[in-house]
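Trainee: Could we go through this structure together? I would like to begin with the contact between the chains.

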Amino acid sequence: MFIIKSYKHKKDVNDLFKLRDIKTNVNMWSVLSFVVIVLIILPTLNISLKLLNETSENWPHIKEYLLIDYIINTATIVAFGGAFTMIIGTSLAWLITAFKFPMSKFFKWSLLLPLAVPPYVAGFTYHGILNYTGVIQTFLRNNTNINVNQSLFNIMNHKGAIFILTLVLYPYVFAIVRSFLAKQSADLIENSRVLGKSPMATFFKVVLPISRPAIVGGVSLVILEILNEYGLFNYFGISTFSVAIFRTWFGLSDLDSAIRLAAIVMIMVLMILLLEKLMRGRKRYSYTSSKIRPIQPIELKGIKRILATLYCSVIFGFGFLIPTIQLLHWALLTYREILNVKFLGYLYNSLRVTTIATVIIVVISILIANYARIKENILTKIYTRITILGYSIPGAVIAVAVMIFFIDIDNNTYVIRQAISHNSTRLFLSTSLVMLIFAYVIRFLGIGYNSIESGFDKIGKGYFEASRLLGMSVTKTFFKVDLPMIKPAIISGFILVFIDILKELPLTMILRTFNFHTLATKAYQYANDEMIHQAAISSLLIIFISAAMIFVLNMNMSKGGRKNVYKNK
Amino acid sequence: MYIKISNLNFKYKNADKPTILDFTFNISKGEVVSIFGQSGSGKSTILRLLAGLETPKKGTIEIDDKVMVDDNVFVLPEKRGVGMVFQDYALFPHMTVEENIKFGLTKMSKSEKKIRVDEVLNLVGMKEFKSRYPHELSGGQQQRIALARAIAPKPSLLLLDEPFSNLDADLQWKIRQDLKEILEKAGITSIFVTHDKEDSLAIADKVVVLEKGEIIKIGKANQIFKDN
Ligand SMILES: Nc1ncnc2c1ncn2[C@@H]1O[C@H](COP(=O)(O)OP(=O)(O)OP(=O)(O)O)[C@@H](O)[C@H]1O
Ligand SMILES: [Mg+2]
């Protein structure tokens, strides 16, 4: 028995290294994918090695006194932010899917708009609305005799941060749960109704349990966003891990401790991802067949109509309308001072780096997604994992990793560059925008990848195989068959990535070159210098560009939904 | 022999049992062969191996004395000159009927392509549908176009995976007759997969009966099916 087994094993090893397999596996797609993947993991490996360095003299102090604070702050906000976004996002998704009420069509897409508002912008805008000189207190002072308790109007604390984050991050849960429910069959709900369950009971007994994977997926995204958040917490003076990493690195110039903090965050992230896997249950997002009868929204009656509209309006108002109107007002006060050639430069910078990084991300996503779909094996599964890993790593951590990586490259290539040209400087890549764009790519690749992978999933492999048998190579097939068919997915991916990079703050702040400003860094800088009004125009531009793109995205998606001709097994 | 398949062995990565076991079989030029077997017996898998969409663990395939696959050689699907009609047709939805058929005619001049498109459309009796899109055609019509597209580049071997499964009974009978005629006219060596005896009896010169990945019978259609 044993002999037979070992003999078989030997044969398998030989099979692994057949000449023909090496020949057929080495092509443009595999080589390029490999190169990209290596580039993505190198900074992380590089920084992991540095964990072995001796600890600095600050570390015992940080560990003893500060670490517990960081943990408690981060955990509290994550817990409450996660819970509130879950409640709001899920309830709105169900409301929009199952019912018709005044303006429900409008809310279907406009409830996504708070995504366009960067948390730090929402943070300083609400601070500006509520503080002593803000509209509310001024109005009360001038028109009534009410003297407000200042502490009630102070938003710059944990509760305020949770409020802000809930308002701008719930769309993640809303979007994912809504698109999940859109794929569910109406039978599910109707059966429950026929069995005599009230709509309420149906929601809690049927809808919630089946949507669990989608809810958990959405909330995990929210949590990762909170861990990533830097601008809001720093502005509010709350020490979370992201803030702490910055302070230790730039305030104390203690890189080794910053790396250690980053490692702790990464452990938290991995725990969250693991928890997500467990909580999703056995079934992942189930792609039910294309021939389902989707849930038809029913008309709400009486007071319920009004309550539904009111609920959506309140969320939309706080999450998008109120901050936008306030910003518009401030913009009117400051546009003469702000709108100048320099400002156009910031706008140009923003659009330029965002576009370059987004295009690179889309191209890499297509490359790896196509390769992974053609060669389904362990290697490509690992590729996929690595590709989406970056999105779970907070910006502050990626910033540390990428910067160290580039400085190391510069130091190690200095001699060579000197030999080629005498006036090369020691720092070369690390003082260029290459570094920033590289970091964007690592951080946001996962978003583009998910979108494009789901595009490939939708069309299946049938057309690809048909094209190969009609004499087209993998590459020709890609351009003639796959590319035209995954266009909607490419557009979605492009937009999602673009919005995220446009409002990105921590990476841009650390990795930008000297005197290089984007709309995001400029808005943040003004706000941080107590010039909130001056921050309005850059903030508004970010919001408007993103909102317009969300609108286009919504059109693109509903078009893709109607056109089901591309469906193949 | 025109097509020589010997000792083919294959297992899907996530399967625990071998899918194809020691498949050995030869076909002469112009023959129409049917692979008959129950669902899951490995019929589609054989076609995929012949087409180069899967790589066998062991065994060789030769077409017209050229090795397509063995331990050292693997000819890519696009270089094999094998045509295939898929179970769900896989007509490119963003191309018209004409564009779909022209797709495989890479080495021809423009005018040659035009002539060839008309030829094959005539063969399947679909000349007037040239500029339609696939979703504007009925199931039977799509099937004919898929056949025309596969025949157009003059493949050395044509594979058909359950060509009748998506059609209703009346249509099946008619298309069966048509297919027989078309294949005879085109004179292409073909293998088609079916789990319907009638199909095999009507069209095939030879039948291979497959069970759990192994050949259990080979012979003339009327001999294989005469006892039951
Ligand atoms: N991609 C795959 N991965 C793993 N197993 C597979 C895969 N495709 C097919 N199989 C298995 O291989 C066996 C043979 O499948 P195949 O599709 O060749 O059967 P078939 O004879 O064509 O069946 P049908 O008549 O239903 O089309 C089946 O047991 C099937 O479950
Ligand atoms: Mg089959």
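**Interface and contacts**

Mentor: The area buried between chain A and chain B is about 2600 Å², and carbon and sulfur atoms give 63% of it. Buried area here is the accessible area (1.4 Å probe) that two parts lose on being put together, summed over both. This is a predicted model, in which local features need pLDDT of at least 70 and side-chain atom pairs count only at pLDDT 80 or more, while totals for chains, interfaces and linings use all residues. Residues are numbered from 1 along each chain as its sequence is written, chains are lettered from A and ligands numbered from 1 in the order in which they are written, and side-chain values use heavy atoms, with hydrogens and water left out.

Trainee: Which residues of chain A lose the most area to chain B?

Mentor: R20(A), L469(A) and L470(A) do, and together they account for 30% of what that side buries.

Trainee: How many residues does each chain bring to the contact?

Mentor: Chain A brings 30 residues and chain B brings 32, where contact means heavy atoms within 4.5 Å.

Trainee: How many salt bridges cross between chain A and chain B?

Mentor: The rule finds two across that interface. A salt bridge is a side-chain nitrogen of Lys or Arg within 4 Å of a carboxyl oxygen of Asp or Glu. The interface also has four residue pairs in polar contact, both residues being at pLDDT 80 or more. A polar contact is a pair of N or O atoms within 3.5 Å; within protein, one must be able to donate a hydrogen and the other to accept it, and residues adjacent in sequence count only if both atoms are side-chain atoms.

Trainee: And which helices of chain A each supply at least two residues to the side that touches chain B?

Mentor: They are helix 1 (2-16), helix 2 (19-25), helix 19 (462-469) and helix 20 (474-485) of chain A. Helix 19 of chain A gives the largest share of that side, seven residues. Helices (H or I, at least four residues) and strands (E, at least two) are DSSP runs, numbered from the N terminus.

Trainee: What about K461(A) and E376(A), how far apart are the atoms of that salt bridge?

Mentor: Their side chains meet at 3.9 Å, N to O. The pair links distant parts of the chain, 85 residues apart: K461(A) is in the loop between helix 18 (433-459) and helix 19 of chain A, and E376(A) is in the loop between helix 15 (341-374) and helix 16 (378-389) of chain A.

Trainee: Why does K461(A) count as partly exposed?

Mentor: Because its relative accessibility is 25%. Buried means under 20% relative accessible area, exposed over 50%, and partly exposed in between (1.4 Å probe, protein chains only). E376(A) is exposed, with a relative accessible area of 54%.

Trainee: Please take a salt bridge within chain B next. Where do D199(B) and R176(B) lie?

Mentor: The side chains of D199(B) and R176(B) meet in a salt bridge of 2.5 Å, N to O. D199(B) lies in helix 6 (residues 197-203) of chain B and R176(B) in helix 5 (residues 169-186) of chain B, so the pair ties together parts that are 23 residues apart in sequence. Both D199(B) and R176(B) are buried.

Trainee: Which residues do salt bridges that share partners join into one network?

Mentor: E465(A), R48(B) and E54(B). R48(B) is one of the buried residues of helix 1 of chain B. That helix, residues 43-51, is mostly covered, with eight of its nine residues buried. G52(B) follows it, with a positive phi near 90 degrees.

Trainee: Changing topic, how many aromatic pairs are there over all chains?

Mentor: A search of the whole structure finds 32. Rings of Phe, Tyr and Trp (its six-membered ring) pair if their centres lie within 6.5 Å; planes under 30 degrees apart count as stacked, over 60 as edge-to-face and the rest as tilted. F106(A) and W109(A) form an edge-to-face pair, 6.2 Å centre to centre with 80 degrees between the planes. Both lie in helix 5 (residues 104-110) of chain A, three residues apart, about one turn of the helix.

Trainee: Which cluster includes F106(A)?

Mentor: Ring pairs link F106(A), F107(A), W109(A), F316(A), F320(A) and F551(A) into a cluster.
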